[in-house]
Structure formats: C-alpha cells, structure tokens
Amino acid sequence: MAATLCGKLLPKKACDRVFVPGWLPLTQSIRHGSKAVTRHRKPMHFIKQKLMAVTQYIPPKPAAPRGAYADETTVVKEQESPLMRLLKRDLEGIFRDCKMVAVAQNNGSTSDDMVMLKYRFQKHGIMVKFFPNQVMRSFLSESIYSNMAPLFIGPTVLLVSKEPKVKEMLSTLRVTQQMVLLGACIDNTLMSTQGLASYAKLPSVTVVQGQLVSGLNTLASQTSALLQRHPAHLTALLQQYVAQQAEAEEAT
C-alpha cells in the first residue's frame, strides 16, 4: 500500500529511492525555538553585592621616592626605673669583685630546698643571687659579658664567689636535682659545663706553685752540677798526670 501511494504522489525517480519498510518523507519541518538574550545581567543578591564591594581589590598608591619627605622616625629609649638601676649597680659590683659567676636553672625547687641549698653553698663561700632576666639582659648587653645573655631563659639563679670554687660548686649541685648548671664566667672567661668539669680536675694554685718551685730547684742543681763537672774532671786528670810524672822520675 505504501508503494502504491508513493507511485501516485511522488515521481518515479523519487519513489525508487524509498524503501517500503522504513519509509520517511523527503522534507521535514524543523521548529527553531526562540533564542535567549544573554546580554542582560542576572540580578545579584544585596548581601553578595555588599561582599563584592568589601572584597574589591584596591591597588596601592605609588610610593614616594626616597628623600621626598623628611625622616620622622625617632628612636625612643625606655626610661629605666630606679629599682632597675639599683639592680644593675649590684650586678656590676658582683662581676667586678667575684671571680666566679655561674648560671643555674631552677626547676621548681621549693622554699625549703632553696634554704638548704643556700646553706650548703654558704659553707664553701658561694652565695646564691636572684635577678630578673630583664635586668640581666639589659646589663649584659652593655658590658663585655654579652655572650652570657642566651643563658638567662626561664627561672635562673646566680652562684657567685670571690674565688673560683668550681669543684665545691659541682659537688653541691650533684646532690641537688632541682638545679641544672648552664655555664659560668671564671676569671673573665666564659665556660660551658664541660669546660667547668675540666677546670675542676686541675690542681690548686698552691700545688702548681710548689711543683714549679721544685722543678726550678732541680734545674738549677742540674745546671750547677754540669758546670762543675768539667773543671773537676780536668783537675783529676792533671793530678793523675802529675803523679805519673813523679813516679817516672823516681824510677829513673
């Protein structure tokens, strides 16, 4: 039936190209929808408008060339309090009069432990001093002992004595667990804990002086013996020669 209708309505050439089972018309009408206008901006919520206005990039103003304005920066030095000046004066006297200034860290020792520690140190002539770290750093920054400033971090204690009593200090700190030795200044020389341990093994000044005197006496006695050896040997040889000559004369 489809072939009959095709032969009546369409020309022969067009009908030859049509297949009966899947017949499709040669012309199809395609409906084009209306195109949307995208040039109009979508409305933006007022909260988003505020956010965009706040976060809008504002370029920085160009910097003025160097020398265009006068330098208005002034260094203002903080005025020291009378208490700080008094403590710095005490520190100056300690570093001037004491040959040993050690720094130890206080790890939560109680008042009773501190009293016992002061008593043990006082038996060896070592005093325990407390100074704020701010005062210590301010004093050390203006003195020749500025390399000791990194030691004053946290709760610290000063162990001072007029003579370098390193051996007694180490023996006392070995018993106390709340104190940790950080370093010391011995005779204007900064030492670490290893250096203090090596310094404690050295003999005392009196022993070294005795060894030096005995060594000098030994050298002097050896020198005098060497100087007297050749004349004495020459004298013995001459006496022997004289005796031999006398025996020869008697024999003749």
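A residue counts as buried when its relative accessible area is under 20%, as exposed when that area is over 50%, and as partly exposed in between, with a 1.4 Å probe and protein chains only. The structure described here is a predicted model, in which local features need pLDDT of at least 70, side-chain atom pairs count only at pLDDT 80 or more, and totals for chains, interfaces and linings use all residues. Residues are numbered from 1 along each chain as its sequence is written, and side-chain values use heavy atoms, with hydrogens and water left out.

The protein chain contains nine helices and five strands. Helices (H or I, at least four residues) and strands (E, at least two) are DSSP runs, numbered from the N terminus. Read from the N terminus, the order of elements is α-α-α-α-β-α-β-α-β-α-β-β-α-α. Of the 252 residues in the protein chain, 22% are buried. Contact means heavy atoms within 4.5 Å. Among contacts between residues at least 6 apart in sequence, 74% join residues at least 24 apart.

The loop between β4 and β5 (189-191) holds Asp187, and Asn188 is found in the loop between β4 and β5 as well. Asn188 is exposed, at 56% relative accessibility, whereas Asp187 is partly exposed, with a relative accessible area of 41%. Most residues other than glycine have a negative phi. The phi of Asp187, however, is positive, near 55 degrees, and Asn188 has a positive phi of about 60 degrees although it is not a glycine.

Strand β4 (residues 179-186) includes Ala184. Ala184 has 0% relative accessibility and therefore counts as buried. Not counting residues up to four places away in sequence, Ala184 touches Val101, Ala102, Thr189, Leu190, Met191 and Leu196. Ala184 and Met100 are 84 residues apart along the chain, yet their C-alpha atoms are separated by 7.1 Å.

Helix α6 (residues 133-141) has the buried residues Asn133, Val135, Met136, Ser138, Phe139 and Leu140. These buried residues of α6 pack against α4 (82-97) and β3 (156-161). An α-helix has 3.6 residues a turn, so residues three or four places apart point the same way. Ser138, in helix α6, is buried because its relative accessibility is 18%. Leaving out residues up to four places away in sequence, Ser138 touches Glu80 and Lys88. Lys88 itself lies in helix α4 and is buried, with a relative accessible area of 11%. Apart from its neighbours within four places in sequence, Lys88 is in contact with Glu80, Val135, Ser138, Phe139 and Glu142.

Axes are lines fitted to C-alpha atoms, for helices over the stretch in contact, and angles run from 0 to 180 degrees between N-to-C directions. Angles under 35 degrees count as roughly parallel, over 145 as roughly antiparallel, 65 to 115 as roughly perpendicular and the rest as oblique. A crossing is left-handed if the near helix is turned anticlockwise from the far one by less than a right angle, and right-handed if clockwise. For residue classes, Ala, Val, Leu, Ile, Met, Phe, Trp, Tyr, Cys and Pro count as nonpolar, Asp, Glu, Lys and Arg as charged, and the others, Gly among them, as polar.

Helix α5 (residues 111-123) packs with helix α7 (residues 166-175) at an angle of about 155 degrees, and their axes are 10 Å apart. The angle makes α5 roughly antiparallel to α7. The crossing of α5 and α7 is right-handed. Leu117, Arg120 and Phe121 of α5 make the contact with Met169, Thr172, Leu173 and Val175 of α7. By class, this contact has five nonpolar, one polar and one charged residues.

The axes of α7 and helix α8 (residues 193-200) cross at roughly 120 degrees and come within 8 Å. The two helices α7 and α8 are therefore oblique to each other. Their crossing is left-handed. The contact involves Val166, Lys167, Met169 and Leu170 of α7 and Leu196, Ala197, Tyr199 and Ala200 of α8. By class, the contact of α7 with α8 has seven nonpolar, no polar and one charged residues.

Cysteines were also considered. A disulfide is taken as a pair of cysteine sulfur atoms within 2.5 Å. By this rule, the count of disulfides is zero. Cys98 is buried at 11% relative accessibility, and Cys185 is buried at 5%.
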